[in-house]
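Subject: Structure handover

Hello,

Please find the structure below, followed by notes on what was found in it. Could you read them with the model open?

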Amino acid sequence: MTRIKTSMLAKAEGMTCALLLAASPFARAQHASDDPVASANDAFGLTLGLESIGLYGPGYVRGFNPQAAGNVRVDGLYFDQQGALSNRVVEGSTIRIGVSEIGYAFPAPTGIVDYKLRNPGNGTPAATVVASAGPFQARGLSLDGSLALKAAGLQLPIGASVQTSTQTPFGSNPGYTSTVRNVGATPQWKQNDWLTLRGIFDRTEITHAKTLPFILTGGDYQPPETPRGYYGQNWAEGRSIAENYGGIVTAQLNRNWSLAAGVFRSIADNQVSYTDLYLNTQPNAAAEHVIVSYPDQSTSSTSGEARLTGHFISGSWRHDIVLLARGRDTLALYGGSDLVDLGAALIDQGIQVPEPTFTYSALTRDRTELWSAGIAYRAQWQGRADLAIGIQRENYTKDVISPDLPQATLTDHPLRTYGTAALALSDKTTVYAGYTQGLEDSGVASSSAQNRGAILPDARTWQADTGIRYLPNQRVKIIAGVFEIEKPYFNFDTHNIDRALGMQRAAGLELSVSGEVIKNFNLAAAMLWGEFKVIGPDLAAERVGSFALNQAKLNATINASYVLPRLPALSADVSVFHFGPYPASVDDLAQARGATTVALGGRYRFKLLGAPATLRLEVQNLTNVYFWNLAFNAPVFGQYQPRAFFGYLTADF
């Protein structure tokens, strides 16, 4: 077990860093009239204000992470996200897959996370105040406003928030608090109909972030069921800063040609961070307790896109020619950590130990550049058909300088293609199909691997999907589709070499029903049934199972809201999420049972000092179901939240 434990420790550390860099808790602003269930175009994923609904989210689509794959857009433009975007600058995000990807130039496998910048306003000064409480010790206050200088054509959406959060890499958990402060603005300058300029200024600071322990078992089993609560070390408090800056220009150059371009700077700086680990955990909860401390870990990226589009009409056809250039330059500084053995412990005791003295070593410098240029063609036939094809040349370069190792360099210059099509069979029925290729950064071999510091080959990926959209009436939309995605699979072999052991193949059936199915009753329900396989030679000899870790064959979600006819200011809503059994170990020998979580809530709309206001209350994990959260890239467990209460009051002035 020594080799496996060492490799899993490295993966746990890497997972923690990735989670810290990619996901930070923040307070979100929301308008009083917002209702995500009523606003959803499908049930595949929507984040609006403080709430998220749907089958997928920014960190998980079709079995993979679209953010890690570089599939993030801001108002449709390519954005290499490192630091989290706050709701001072975005209204929310939409997951675009299948038919909702039609019309997007140069999509990518796994789907697209499309962030929408805050509405600049209509020229009238306005403000939204949100006060929130829960879950657990969380509480927050945000103020978002919009100022207008009509003579200069300037709109200034701006906001600030302060929050005590209970968000962790495994969701909200009691006792694991942090202090979050955020300011942001998205000014817009528009003096005419042909030119618009927007800016993005966003900064989030997180301090006093308690560290949630992670658990690795000593065999092919899950950790024992223990009481949920706070088991962290009081002194293990992280500190981080997320910053996002940029600008977008959209211009109608002439009758036929338009330009959309954006340049962005995204920074995730974890100034202090820890990984609290219980290794070799036994069925009786006994474990080896270690804690890892990291010096300043940071990832910064400059990215952007310029897209020139020509629009031409010929009879009943509209033709678009798209010329595109996009790219990113990402610098990551990581490693240098120090591990301290705290001795034998029980995972459910949380005994406080004195803060040890950590000795750090040199950092790894990892620079990745990805630049591409392409051309695409799209034809639309009067709402009856939509066809798009495109090709782009990628230029990928990765340079890694690890302590005490020679510099490693990898370059690649592949061609990527895509094609999408949609055909309206009738006013109510549309069929669609798509194929797209991708290129992803695979990182470097772990510090505990025999080939530590080696650059892993960049991942050539592809995705194919097809399906049907049916509109039984103007208020309801039904989507059914199938998909297949293939990506390389990296893990440790029996010689402790981190390498590609085969391919990951995800194939499944997706269903979505959304809309006002009966008067006053809105529904967003979705299901994913599929298989997530690992395919390769001698997987059993490498102690790798045929099915991917933490991937259930069945996932389903129901979000529903009902407005009381006799009390239209009052509505009730329910959220149900179900997942089936799934592999809980890399070799598939440990299997976790499925579970169903339920949240029940309501909204009350009223006037506060003459302004529209909404009071939102919700009980999360209503049945107090118990299971262990599990990471997707390593058998690392963390506790899932017990029953919790959440509420907020928002008012528009």
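**The open sheet**

Six strands make up an open sheet with mixed pairing, in the order E2-E1-E5-E6-E3-E4. Strands here are DSSP runs of E with at least two residues, numbered from the N terminus, and two strands pair if DSSP finds at least two bridges between them. Strand E2 (51-53) and strand E4 (77-78) are the edge strands, each pairing on one side only. Within the sheet, strand E1 (residues 46-48) is antiparallel to strand E5 (residues 90-96), with three bridges between them. Leu46 stands opposite Thr94 in E5.

**Basis of the values**

This is a predicted model, in which local features need pLDDT of at least 70 and side-chain atom pairs count only at pLDDT 80 or more, while totals for chains, interfaces and linings use all residues. Residues are numbered from 1 along each chain as its sequence is written, and side-chain values use heavy atoms, with hydrogens and water left out.

**Other strand pairs**

Strand E19 (residues 297-314) and strand E20 (residues 317-334) are joined by 17 bridges in the antiparallel sense. Phe312 stands opposite His319 in E20. The two strands E19 and E20 form a hairpin with two residues between them, and Gly315 in the turn has a positive phi of about 65 degrees. E20 also runs antiparallel to strand E22 (residues 364-381), to which 18 bridges join it. Leu333 has Arg365 in E22 as its bridge partner.

**Salt bridges**

The whole structure holds 30 salt bridges, a salt bridge being a side-chain nitrogen of Lys or Arg within 4 Å of a carboxyl oxygen of Asp or Glu. One of them joins the side chains of Arg603 and Glu51 (2.4 Å, N to O). Arg603 is in strand E35 (residues 595-608) and Glu51 in strand E2, so the pair ties together parts that are 552 residues apart in sequence. Arg603 and Glu51 are both buried (buried means under 20% relative accessible area, exposed over 50%, and partly exposed in between, with a 1.4 Å probe and protein chains only). A network of salt bridges links Glu51, Asp573, Arg603, Arg616 and Glu618.

Asp114 forms a salt bridge with Arg96, with 3.1 Å between the closest N and O atoms. Since Asp114 lies in strand E6 and Arg96 in strand E5, the pair ties together parts that are 18 residues apart in sequence. Asp114 is buried at 8% relative accessibility, whereas Arg96 is partly exposed at 23%.

In a further salt bridge, the closest N and O atoms of Glu394 and Arg416 are 2.6 Å apart. This pair links strand E23 (residues 385-401), which holds Glu394, to strand E25 (residues 415-424), which holds Arg416; the two residues are 22 residues apart. Glu394 is buried, with a relative accessible area of 2%, and Arg416 is buried with 10%.

**Aromatic rings**

There are 19 aromatic pairs in the whole structure. Rings of Phe, Tyr and Trp (its six-membered ring) pair if their centres lie within 6.5 Å; planes under 30 degrees apart count as stacked, over 60 as edge-to-face and the rest as tilted. The ring centres of Tyr176 and Tyr230 are 4.9 Å apart and the planes are at 50 degrees, so this pair is tilted. Tyr176 is buried at 1% relative accessible area, and Tyr230 is partly exposed at 27%. The rings of Tyr604 and Phe606 have centres 5.4 Å apart and planes at 15 degrees, so they are stacked. Tyr604 is partly exposed at 40% relative accessibility, as is Phe606 at 26%. Ring pairs also link Phe577, Phe579, Tyr582, Phe627 and Tyr640 into a cluster.

**Nonpolar cores**

A nonpolar core is a set of buried Ala, Val, Leu, Ile, Met, Phe, Trp, Tyr and Cys residues joined through side-chain atoms within 4.5 Å. The largest has 46 residues, and those touching the most other members include Tyr56, Tyr115, Phe264 and Leu528. E30 gives this core its largest share, five residues. A second, separate core of 20 residues includes Tyr582, Ala590, Phe627 and Leu630.

Regards

Note on methods: Helices (H or I, at least four residues) and strands (E, at least two) are DSSP runs, numbered from the N terminus.
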